[in-house]
Structures are given as structure tokens and as C-alpha cells.
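The following note sets out numbered points for a colleague who is examining the model. Please read each point beside the coordinates.

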There are 2 protein chains.
Amino acid sequence: MKKNILIIGAGGVAQVVAHKAAQANDVLGDIHIASRTVSKCHAIVQSVLEKRSLKMPGVLQAHQLDALDVEATKALIEKTRARIVINVGSAFLNMSVLRACMETGAAYIDTAIHEDPAKICETPPWYGNYEWTHRAECERRGITAILGAGFDPGVVNAYAALAAESYFDRIDSIDIIDVNAGSHGRYFATNFDPEINFREFTGKVWSWQDSQWTENKMFEVKRTDDLPVVGSQTTYLTGHDEIHSLSANLDVPDIRFWMGFGEHYINVFTVLNNLGLLSEKPVMTAEGVEVVPLKVVKAVLPDPASLAPTYTGKTCIGDLVKGTKDGVEREVFIYNICDHAENYAEVGSQAISYTAGVPPVAAAILIATGEWDAKRMVNVEELPPQPFLSLLDTMGLPSRIRDADGDRELTFDPLPQGNAIKVAAGR
Amino acid sequence: MKKNILIIGAGGVAQVVAHKAAQANDVLGDIHIASRTVSKCHAIVQSVLEKRSLKMPGVLQAHQLDALDVEATKALIEKTRARIVINVGSAFLNMSVLRACMETGAAYIDTAIHEDPAKICETPPWYGNYEWTHRAECERRGITAILGAGFDPGVVNAYAALAAESYFDRIDSIDIIDVNAGSHGRYFATNFDPEINFREFTGKVWSWQDSQWTENKMFEVKRTDDLPVVGSQTTYLTGHDEIHSLSANLDVPDIRFWMGFGEHYINVFTVLNNLGLLSEKPVMTAEGVEVVPLKVVKAVLPDPASLAPTYTGKTCIGDLVKGTKDGVEREVFIYNICDHAENYAEVGSQAISYTAGVPPVAAAILIATGEWDAKRMVNVEELPPQPFLSLLDTMGLPSRIRDADGDRELTFDPLPQGNAIKVAAGR
């Protein structure tokens, strides 16, 4: 059984991961947190201690680490005897952290696709650009690497797998809809690292339609849905990690991702983008300072973590799936609702971080108990969805379903009595 | 008779100054252009030669100069034997260039108030903060220093003086209205140095109302006027240099400045300002680069000089003056119309630069001929307006008047036959 966790990153998501791992440290063992800025790790440790999140007395330590340095990362994995690494640092780190895991035998979990700092919105297949080139090596070495195990990608992939497994014989379309109907009360802020946030939207929008890659511009295509709890919401066709793996792993002709934006966000984004302030290419000031405009925008925007204390409202993220079952057309929406203020009260982070940070800990628990210890590189839809969703149900991320029969909790058949479920039930 | 001109600065306005000075080099003598970036001076020299702007064969030279370095500036004044310095460089240079003039006996002309790079929109009296503290020294040394001799401030001050001298016994209000109804065809650009442009609007708006300083926020107060040629235009109450000197030099209870902005400009400005991207205070990026956000915005925006070739449309700048003459209430609008494309064809700059750059050359000619060689520090409204406006009439900036009697050219009584007028008429 694998245990001892090394968390890489110290932002809002890492804060959630640390709390949730602490709440399951009877299964997960020692908890280590490493980041370039060790003071941010210390703050997370302090928060975990203040909220008494450790389920039982145990190791909880902060470390300074430049995770682009593979040798340093390997040394830290060995020093901490971590068998599971949860990478929730910058998206630029994936390849070096994965390398360190492969060479030390640790399991690897991340929540977002690798990005090259110099490239924006690369041409699909995105996973194929970086992560999947290491599939054979993971298989050979017996390394468990679970890619994109946050909420989206992550839980929404499990929803898709569940739909394919239990609700449909044939799926025609999967529309993943991500809405944050919360309010942070600031003039403008991004809910996670502005650099990563904006990079999602400055390139072309790729979606999988009619079984082929389709190209659009950002904010070119929109839809409005009447969603549970959050009501009528307009969302925009957006490129997103999970479209690539789902289109490769499921036989579904239309897979699209839709993200909710208010008019104010779109206006600010449009101004900054048109002016060139979201560019990742350095500019030179008249005084001779060379700087990347996007990094300056990041520097003036509120720290996403600072929004949490006053954040109110809810998020709604789910999969709208259409297809047929037993020859009858059907439509289901499998989704989760999170509440910013409740999440903050529990772990000191808002719902955007919470939805991204809880699932990788559930994945770590399932690796620790063996249920998801695949010993190869996988995306979430390649793993059995029920243990994951069932565990999340007990960890603060319950799933619901809305279809012709109404809107109700998503329930599962009785599960095998594995450790993970016992642990989860114990909490 | 003073001659030989040293132009400090090499932006769009300096380009106009160089061309116009060249067109009058029989009166003005040698022409020297100095800037931190000497290649920009060379480009201006090249433009003057290409357009054959020199009236007669003469000296036209580029120099490298950091005009914050008083000793270097003094040395250049002495080396070039310049007796008139036209400072159209950054607004941060005024105090050092004035110091160099005072210590070498050269006449000084500028077009905008001094600014401290670290302060934005200082509390009035603005001229009182810097320039006017040197009045006594100029008087003692017999130095001619003409402050704010562009269009606004500058020509609009002469319009006010003319109104007081010729059209009114009592003036109740002067509303200076500045509208650029042209189009540069870009997503967004400022018409002069973005740093100086934005700094005008990021602080409080000061106006002179009921004979006292009144404070407003930017874009808080607006008006719409049906203006000659450019039609119905909305303008916003803005703080501006000339309000201070006019309120000190004329007995007028209400003196306001109104600048035209389109909704798009206001939106972009509002976004950048609210995000903190127009701040003059340095920020630190996550990578440890310290940089002033406003300077990064400047770096990504189009170079104002690059807009000129495709700029179309017209500007309208004037003084709407209300008061009484011979006991009867009257209202006059004294104004100028400029055409971007015509200005570009003549001197390679658009109308914003043209309106700012022609007047200081007219002032230099009037110093050279003695008519404005005041041998003390003055603002434009303290000098006789007729020679200035009459000369500008022949230099591409004709004045018009609109009142109860209609809209017509502004004509003057026959002028004394000074050199300046002969020169002007000769062109």
C-alpha cells in the first residue's frame, strides 16, 4: 500500500489538498508540502493546524523546492519517502515532476495539462503533446500516473465514464458546463492563477464536433441553460483538457466544454487581450526593463487566495449527456453544486479551489488503497468511476443527477468494503 | 535679436517643431534637435530634409542628450550657441531644462506643465508647484521663459486674452473645449505619450468655479455641444494646466477644461485604471522583476507617431467665453479646426502633434523678433495675443470665431510691420 504524500504547489488548490489529505492522514500517512516560496507552505501548515484538520497526530511539513529541478524533486521524494505526489503547482511543472516520479517509483497525480510557458493553447491533441509521450515508460516501470484528477478535468471525466457505463448504450454528445455563480466583490479578479486563467482563453478554441477537431474564436459561440440552483446561465465554448482525453477514450462524436463568463469579465479580458497585455512574449519598456505583460497583469490583480474570505454564492459544474438507452433517447445532467462560504469555513479556500483540490486527494486515497493503483498512466475516465464518486460524496463533493425523472442525489449500488470506503465513511 | 534654436525631445510634437522651425530658419537660424535617443532625432532631420522644409540652406543637427543632466544641457546650449530652447520633451524635464536656460541666458519655451514622475495630478496651483518658484530668478537674470506655449495650454490662453481685450468688459466663464473627432483605425491608442496622456486622468479633476478650486472625479461631469465642423460632441470636465494660470491672471470666476472622449476610450481607460495598470508605483512580478505598470502599458500600446500616416478626420479646440460687453450679455466661441491628413502631408505628424508643435515655433519667432522677448517668466495670456494669433494664421493654425453674428475667420486690425509678420507673410 502506497502512502506518504508530497504536495507540490502552495496556492489555493494546494491549501485544499493539504486540508483534505490531513483529514485522511490515517490512510495517507505523512503529508509534505513543497513550493518555490516556502513561506506559502508554512502558511498552509499553519491553516491545517488551526482548523485541526489532521485526523490523527502525524507528520505535516513544509519544504522549499524548485520543482523544475528534477534532481531536487527526486531527492525530496526520497527524503520524505513519499509514494504519492500530488502536483498542484504551476502547469509548467508537470513534465519535470512526472520525470521525478517515474525515476523514484512514486505515483503521480495532477489536475491540469502541462503547458510550455512560451506556447499558448497548443494544437490538440494536448495530452499527446507532452504527457502521453510517457505512457510506455510508465507502463514499463509500473508507475501509476493519474492525469487531470481535479474537477474539470477529473470529476467530469468520471461523470462521462459513469454515463457511458450506466446510463447510455450510445452517447451522442457530452457538454461539460462550468459555471461560477459566486461573487468576490472586487472590481475584477481571476479565481485561480491569472496567468493560467488567461492563457486558457487567449488562443483558439478547440472542440470535438462530428468526430473531428473544430476551431472557433473565444466568445464566438455561447449557450444559455437553466441550471440547477444557479438558474439561467450563459456559457461560452472554450478549449479544455478533458475534451482531448474523452474524445480519445470514449466513442462520442460531440464533446464540448462551456465556461460561464459575465459581461464584465469578457469586457476586461477583451480590453487586456486586444491591448497585448495578456501576451506571454516579453516587451521592453522605454527605460529598458524587459518584462512579460501577462506577468505584470498577474502582479496587479488580487491574489486569488485573498478572495476566499468574502466569497459568496455557488458553483455548478456538470456533464450534460445526450444519447440513447435501450433504444430510447434520453438526456441527463450529472453535476455538483459547491458553496464558496461553506468551503472557506471548512478549509480556508473558495469553491473554485475546493472543487479542484478535493478530487486529487480522493484519487490519492484510491491509489493508497489499491483501487486506483493502475501502475500505468491513465486519465480519469479510464478508471472505475463509482469508487471515486462515492468517496467524493463523503468528502464534500456530492454528485446529483437531473433527467426526465427529476433532480436527485446520485446514488450508487453498495460498494465493495474496501479501506477507502471505510475511511471515507469514518469521516 | 535672439536666434539659433535647440529643440529638446524627438516625439511627434518635436517633429512638427523641427519642420516649422525649418520653414522659418531665415529668422530662427541654426536648428538643433536633442533627445535621449539620438536615432529619433536623426529620423526627424531626415524627414525635414525629405520634405524640403528648410526655407534656406542652414544648420540642422541631431544630438544625444539626457536633458535631466543640467550641465550636459548647458554645454549643448553653449556649443550650439542656441539662444532659444524649445522644450517639447517629457514633462519630467522642465525644471532641469529651465535651469540650464537660466544659467546660459537662453530663452525657454515649453508646452506643458512640469511633472514629478512620482506624483500624479498634484494639487493646484500646478505652475506654483514648480515653474513659478523661478519667476524672481528669471526676472533678475532677464530670462524670457514662456510657459505652456502649445495649443492647450497656449493658443487657448491667447484666445482668452483676446476675449478679455477685445470682446468683453466682464467675463463670467471660459470653457476650453478640446475635441479630436479623428480616427486612427487602431483598437486603442493614445495621441501622445501614453504615460503623460493617462496621468492627466488618473487623479482628481480640478476646475476653477465660483472663484475657487473645485474637485471632481474623472468622467463625473460631462457636456454635449454642437461644435463647428465636428458636430455634436460630448466632453468631460478635466484638470488642465491653463486653468491655473488663467485663474491667476484673469478675473474670471469660472474656468473649466473639457476634453472629448469616446465611450471606447473611457471603457479601456476605466478597465486599466481600476486594475491598477495605470499606476506609476512599481510592482514586483512573481519572477522578481520590478516594473511600473504604466510603463508596461506604454510599451504595448502603438507608438503615437505611428498613427499619423492613416489618421483621418479633424480636431476642434477652442474657448467658449460668456460675459458682457457694453452692458449686453454675449457668448463667443474662438476656435481652430485642424485636419489630421493635411497635417501629415505637410510635416509627417497628425493634428494632435501639429496643434501642439506649431505654436511654440510661433512663440520662438516672436522672441527672435523681439515682440515676445519678455525677459521674464510669463504664461501666454500675459503677452499680446494679436501678433501670436496673426502669425499662427499664416503658419497653418487659423483661428475662427462663432457668435451671435455667425461663424467667420478671426481677423485682426492691421499689425505693426515687425519682422515676424513679414517673415510669416513671406511663407
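This is a predicted model: local features need pLDDT of at least 70, side-chain atom pairs count only at pLDDT 80 or more; totals for chains, interfaces and linings use all residues.

1. Over all chains, the count comes to 53 salt bridges, a salt bridge being a side-chain nitrogen of Lys or Arg within 4 Å of a carboxyl oxygen of Asp or Glu. One of the pairs meeting this rule is A:Lys298 with A:Asp193, at 3.3 Å from N to O. A:Lys298 belongs to helix H12 (residues 293–300) of chain A and A:Asp193 to the loop between strand S7 (170–180) and helix H9 (194–199) of chain A, so the pair ties together parts that are 105 residues apart in sequence. Helices (H or I, at least four residues) and strands (E, at least two) are DSSP runs, numbered from the N terminus.

2. Residues are numbered from 1 along each chain as its sequence is written, chains are lettered from A and ligands numbered from 1 in the order in which they are written, and side-chain values use heavy atoms, with hydrogens and water left out.

3. At the interface, 28 residues of chain B are in contact with 28 residues of chain A, contact meaning heavy atoms within 4.5 Å. Of the interface residues of chain B, 100% are also interface residues in chain A, so the copies meet through the same surface.

4. The two chains bury about 2300 Å² between them, 74% of it on carbon and sulfur atoms; buried area is the accessible area (1.4 Å probe) that two parts lose on being put together, summed over both. B:Tyr187, B:Leu275 and B:Val300 supply 25% of the area that chain B buries against chain A, more than any other three residues.

5. Two salt bridges are found across the interface of chain B and chain A. B:Glu287 forms a salt bridge with A:Lys295, with the closest N and O atoms 3.0 Å apart. The elements giving two or more residues to the side of chain B that touches chain A are helix H11 (263–275), strand S13 (283–284), strand S14 (290–291) and helix H12 (293–300) of chain B.

6. Most residues other than glycine have a negative phi, and most peptide bonds are trans. A cis peptide bond joins A:Pro124 and A:Pro125, with omega about 0°, and A:Pro125 is in the loop between strand S5 (107–110) and helix H6 (126–129) of chain A. Another cis peptide bond joins A:Asp152 and A:Pro153, with omega about 5°. B:Asp326, although not a glycine, has a positive phi of about 50°; B:Asp326 is in the loop between strand S15 (314–325) and strand S16 (328–339) of chain B.
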